[in-house]
Amino acid sequence: MNHFQPSPKMHRSAVMKSQHDRVAMLAGAHDVLGAQLLERCGYDGVWASSLEIAASYGKIDDDRLTMCNVLAVTAAMAGAVSIPVLADVGTGWGDDGDVSRVVSAFESVGAGGICMEDTAYPKCNSLLAGSRRLSNATSFADRISTACAARTNDSFLIFARVEALVAGLGGEEALRRASLYGQAGADAIVIHAKTKCDEEVIEVVRSWQGTAPLVLIPTMYPTLSIDQMESYGTIGFVIYANQGLRAAIGATEAAMRQIQADRHAGGVDQWIAPLGDLLSTQRELLEKEGRDKGLGSRQSFSAGRFERGH
Ligand code: SPV
Ligand code: MG
């Protein structure tokens, strides 16, 4: 079910707030397995993270990660899970690019929405060091309203992402931009920050007067709790953008190094996911295709092909 689905009679943001007096939790993924794990854990949605996708392609998280790269991953994930997939489209591939084309592409592959940021093109990942230049706020607001007008599916959400704190422009500028993007029709507004201290973010969240729910990505201030976020009354969503991939990096590296050191895999078998976890998703797929019978003959056929060296 699409948890973000608005009622046709009310403004979407109001619906989201009134239907969900809790903060909806999204988390980053870059492939179907990651998205399925999030669904299994009960997350409300998947964040098709440009950073995760770039890392998985061995690319820099800048505008060289193409729309096709992000679209392909989003399409695969959206086809495999029933929770909504929010695509991180960066600047929308050019701050004067055709945003309608971006909306229709992501809408057509079943994404739940897109999130577009007001960094000037070419963008670079917000968490990397270096100064940031932002788009003109009025032009970006125009792009948000173009994006809103371009959607044909009423439940497709447009998130606008404010990078003023990342660029060091302060809370007032963040609030000014957030208001403009809210007035332009954004369904939710991400207030992003890359400082370890969450005070600046909290100040913005507390001062927000608009109707669109705010969104936080607490990568740099990970101890800010959901209970605290809910107490402010202005936050609709939290995005745990990359913790899943970082957990996988840590666990994979630890397991593979231990196998090297032990010269056998017995030492890791107790703490890595059981083989059954991996095979159960395969069985589910086979069951869906009605091919769960007669597995033995299929397996020996593939072994035979392998032995013949094909
Ligand atoms: C991402 O996950 O790609 C994001 C969040 O955009 S951040 O990496 O913090 O910029
Ligand atoms: Mg990104």
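Two strands pair if DSSP finds at least two bridges between them. Helices (H or I, at least four residues) and strands (E, at least two) are DSSP runs, numbered from the N terminus. This is a predicted model, in which local features need pLDDT of at least 70 and side-chain atom pairs count only at pLDDT 80 or more, while totals for chains, interfaces and linings use all residues. Residues are numbered from 1 along each chain as its sequence is written, chains are lettered from A and ligands numbered from 1 in the order in which they are written, and side-chain values use heavy atoms, with hydrogens and water left out.

**First stop: the magnesium ion**

Select ligand 2, the magnesium ion, together with S50 and D88. The OG atom of S50 and the OD atom of D88 are its protein donors, at 2.0 to 2.1 Å. Donors are N, O and S atoms within 2.8 Å of the metal (3.2 Å for Na, K and Ca); water is not among the atoms, so sites may look incomplete.

Buried means under 20% relative accessible area, exposed over 50%, and partly exposed in between (1.4 Å probe, protein chains only).

Then display β4 (residues 113-117), where 5 of 5 residues are buried. G113, C115 and E117 lie on one side of β4, I114 and M116 on the other. β3 and β4 run parallel and are joined by 3 bridges. Within this pairing, D88 has C115 as its bridge partner, and L86 has G113. To follow the chain from β3 to β4, trace helix α5 (residues 99-108); this β-α-β crossover is right-handed. A crossover is right-handed if, with the strands pointing away from the viewer, the path from the first strand over the helix to the second runs clockwise.

Select strand β5 (residues 157-162), which runs parallel to β4 and is joined to it by 5 bridges. C115 stands opposite F159 of β5. With helix α6 (residues 137-150) between them, β4 and β5 make a right-handed β-α-β unit.

**Last stop: Y121**

Where is Y121 found? Y121 is in the loop between β4 and α6. Its relative accessible area is 39%, so Y121 is partly exposed. Draw a distance from Y121 to G90: the C-alpha atoms are 9.2 Å apart, although the residues are 31 apart in sequence.
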